Amino acid sequence: MKGSIRKNKIFIRVVLIVVIGTGLIIGGMKLATSNSEKLDSILLNQMIINAPNLELGSRMKAENGIFGGQFIYKRYKDIDGYIIPWTDVTGNYSVFGQDSVGFMQLNNSNGTHDFVEGTSQKMMKFYNQDIAYEKVVTELKTILGNENLVMEAAISFDKTYSLERIRKMVPENLNIAWLWLDQDDNGGQLEALAPDHVYGFEGLQKPNEKVPSDDVYQGNYNNFLSALEVLREDSAKAATLHDKYSKLKLKQLKFKGMVLTGQATSCKNLSDQKFIRASEIGATADIVPYIKPYK
């Protein structure tokens with residue numbers, strides 16, 4: 001009788017171990033899945049608020065385990081209708097949470113210019129009008145005007161401007177691809193701001209006849225606010241920006257700069273405008289007969 005009771009106790013213990021173990025595995029898998037979904041959300045929303053003229057492409061699974069894994073996210077730039085590959089973003093997730101690496105631009109330098117790692121493309125930078133830099137770059141003035149290129153350029157304003165004013169200042173043959181609204185505190189350093197240190201939202205790269213331009217800009221600003229709301233839980237910077245801009249309507253915003261895209265000849269014609277304090281050319285592409293630029 002005692003032997004039978006002992007066997008039953010052992011059996012019950014084994015069953016409990018199996019049930020608890022299975023529960024822990026299932027719970028861990030669900031938690032890892034939830035964190036992978038949160039990783040997607042963080043990366044997507046981070047791209048919305050501080051990735052000047054950058055788009056998120058396809059996602060590939062680099063590592064896959066029961067309790068975690070790694071994703072590689074492709075990114076690209078749209079330069080007036082020419083799609084250019086950019087650096088990837090790598091994100092890790094597990095039962096303990098998620099983290100992403102790769103948002104900080106990896107670059108190589110020739111001593112004068114920085115180039116995005118993995119591409120031959122030059123990195124553009126931004127200049128805050130409130131800082132007296134030792135040197136301010138105006139690269140649009142170096143364009144000869146006969147280059148058969150499409151390009152992007154970071155335009156830093158001499159002062160802040162409303163969107164209404166900006167749209168009047170920019171010629172119809174150029175695209176307002178991205179609008180610069182805010183930036184990280186650089187700790188008093190007199191250095192130009194890298195793309196991952198400025199915040200803003202998408203402008204209007206390719207007009208859509210079915211959607212009024214005003215609605216596009218408003219929708220992009222709404223996306224910016226929504227992204228800040230999602231990120232504020234994990235980011236003090238996002239929380240600060242959300243508190244500031246959620247109180248402002250689009251027409252009340254004052255912008256520090258923008259990213260323009262267009263053909264080199266069109267950019268050259270803008271180079272002497274007084275509202276441009278600084279200009280840095282970024283990604284470029286040779287124009288080919290079978291790809292028509294937007295403008």
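Mentor: Two strands pair if DSSP finds at least two bridges between them. Helices (H or I, at least four residues) and strands (E, at least two) are DSSP runs, numbered from the N terminus. This is a predicted model, where local features need pLDDT of at least 70, side-chain atom pairs count only at pLDDT 80 or more, and totals for chains, interfaces and linings use all residues. Residues are numbered from 1 along each chain as its sequence is written, and side-chain values use heavy atoms, with hydrogens and water left out.

Trainee: How many helices and strands does the protein chain have?

Mentor: Five helices and 12 strands.

Trainee: Which strands form the open sheet, and in what order?

Mentor: Five of them, in the order β10-β9-β11-β8-β12, with antiparallel pairing. β10 (198–204) and β12 (276–286) are called edge strands because each pairs on one side only. From one strand to the next, the twist averages 20°.

Trainee: How do you know which helix lies across β9 and β10, and at what angle to β10?

Mentor: Angles run from 0 to 180 degrees between N-to-C directions, along lines fitted to C-alpha atoms, for helices over the stretch in contact (heavy atoms within 4.5 Å). Helix α3, residues 213–231, lies across both strands and runs at about 150° to β10. Helix α4 (residues 236–245) also packs on the sheet, where it touches β9 and β10. The direction of α4 makes about 105° with that of β9.

Trainee: Why is Asn-53 called buried?

Mentor: Buried means under 20% relative accessible area, exposed over 50%, partly exposed in between (1.4 Å probe, protein chains only). Asn-53 has 7%, so it is buried. This residue sits in the loop between α1 (2–50) and β1 (55–64). Its phi is positive, about 55°, although Asn-53 is not a glycine.

Trainee: What makes Asp-80 buried?

Mentor: Its relative accessible area is 0%, so Asp-80 falls under the 20% limit. Asp-80 lies in the loop between β2 (68–79) and β3 (82–85). Phi of Asp-80 is near 55°, a positive value in a residue other than glycine.

Trainee: How much of the protein chain counts as buried?

Mentor: Of its 295 residues, 44%. Among contacts between residues at least 6 apart in sequence, 70% join residues at least 24 apart.
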